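Hello,

Here is the structure I promised to pass on. Please open it first, then read my notes below.

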Amino acid sequence: MNIVMLGKPGSGKGTVGSLLSNQLQIPHVSSGELFRSYVKKAGEIGKKIDEYISVGNLVPDELAIKLVEKRLLEKDCINGVILDGFPRTRNQAIELDRFLKKQNQKVDIAIELNLSDKEIIDRIIKREVCTNKECREIYNLEFKPPRKQGICDKCGSKLEKRDDDNVETVEKRLENYYATSAKLTDYYKSQQLLYTVRLNLHSGKTSEDAAKDIKKYIEKK
Ligand code: ADP
Ligand code: ZN
């Protein structure tokens with residue numbers, strides 16, 4: 001089964017994606033994580049990617065598609081994947097369909113996580129991520145703080161803030177989201193693949209609730 005996760009930056013795609021990945025036993029592939037891993041390696045591709053990510057712009061389609069497809073060809077993705085952050089444009093969605101078709105697969109469901117912009121900004125500014133590549137657990141200093149400050153509950157590694165998690169970049173990322181998202185949700189809506197979940201941090205509809213809700217929906221389908 002192939003699931004794509006749509007939604008604003010910081011809407012919980014990563015958290016919900018990794019919960020679903022555990023429950024459904026399908027790997028969770030985050031395009032943002034993938035791109036940041038290239039940046040950390042500091043090669044030519046990483047340098048190019050950083051020019052976009054660091055200011056909150058989208059990586060050009062051609063490069064994004066190439067790197068994600070390369071990742072999807074790895075063995076662990078053979079029975080499907082939970083894609084988080086990809087596709088982000090209609091063009092990427094079309095290319096993904098084309099790619100999956102070649103392996104006799106398709107997108108089975110597109111999940112959109114919905115959260116207000118104010119909540120998004122609150123959430124991103126207070127976000128911290130585990131530095132351990134194998135873990136990458138996501139925390140929020142207000143809504144999901146680690147038991148011990150700066151340390152991952154799961155693996156004991158240090159937590160860090162992402163370089164692009166600041167107010168200026170978030171605003172740019174939201175702007176880019178609005179520029180591309182309607183075309184993308186329409187693309188999946190017209191194929192009856194779109195399922196929208198509304199989160200509300202303050203009233204307590206959390207990523208855990210969203211993952212449960214989605215799992216039920218998938219089981220019913
Ligand atoms: P967020 O959802 O919080 O913005 P991600 O980790 O999904 O975080 O993405 C971080 C950055 O990586 C984005 O701002 C963008 O620059 C780049 N990126 C991720 N996925 C894509 C994609 N599918 N196409 C183009 N750029 C992407
Ligand atoms: Zn960890």
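Start with Ala42, which sits in the loop between α2 and α3 (44–53). Keep in mind that this is a predicted model. Ala42 is not a glycine, yet its phi is positive, at about 60°. Asn104 is another such case. Its phi is near 55°, again positive in a residue other than glycine. Look for Asn104 in the loop between α5 and β4. For context, most residues other than glycine have a negative phi, and most peptide bonds are trans.

That brings me to the peptide bonds. Phe86 and Pro87 are joined by a cis bond, with omega at about 0°. Pro87 belongs to the loop between β3 and α5 (90–102).

Now the sheet. In what order do its five strands run? The order is β2-β3-β1-β4-β8. The sheet is open, and the pairing is parallel. At the edges are β2 (28–30) and β8 (194–198), and each of them pairs on one side only. From one strand to the next, the twist averages 20°.

Take one pair as an example. Strand β1 (residues 2–7) runs parallel to strand β3 (residues 81–84), and four bridges link the two. Within this pair, Ile3 faces Ile82 of β3. Helix α1 (residues 13–24) packs on the sheet. Helix α1 touches β1, β2, β3 and β4 (109–114). The direction of α1 makes about 160° with that of β1.

Last, the ligand. How many residues surround ligand 1? There are 20, and the closest are Ser31, Asn57, Gly85, Gln92 and Arg173. By type, the shell divides into seven nonpolar, six polar and seven charged residues. Which helix gives the most to this shell? Helix α2 (residues 31–41) does, with four residues.

- Gly85: a polar backbone atom lies 2.9 Å from a nitrogen atom of ligand 1.
- Arg88: an N or O atom of the side chain is 2.9 Å from a nitrogen atom of ligand 1.
- Arg127: an N or O atom of the side chain is 3.1 Å from an oxygen atom of ligand 1.

Best wishes

Key
Residues numbered from 1 in each chain as written. Chains lettered and ligands numbered in written order. Predicted model: local features only at pLDDT ≥ 70, side-chain atom pairs only at ≥ 80, totals over all residues. Heavy atoms only, no water. Near = heavy atom within 4 Å. Polar contact = N/O pair within 3.5 Å; in protein donor to acceptor, adjacent residues only side chain to side chain. Nonpolar A, V, L, I, M, F, W, Y, C, P; charged D, E, K, R; others polar. Pairing = 2+ DSSP bridges. Axes fitted to C-alpha atoms, helices over the stretch in contact; angles between N-to-C directions. Contact = heavy atoms within 4.5 Å.
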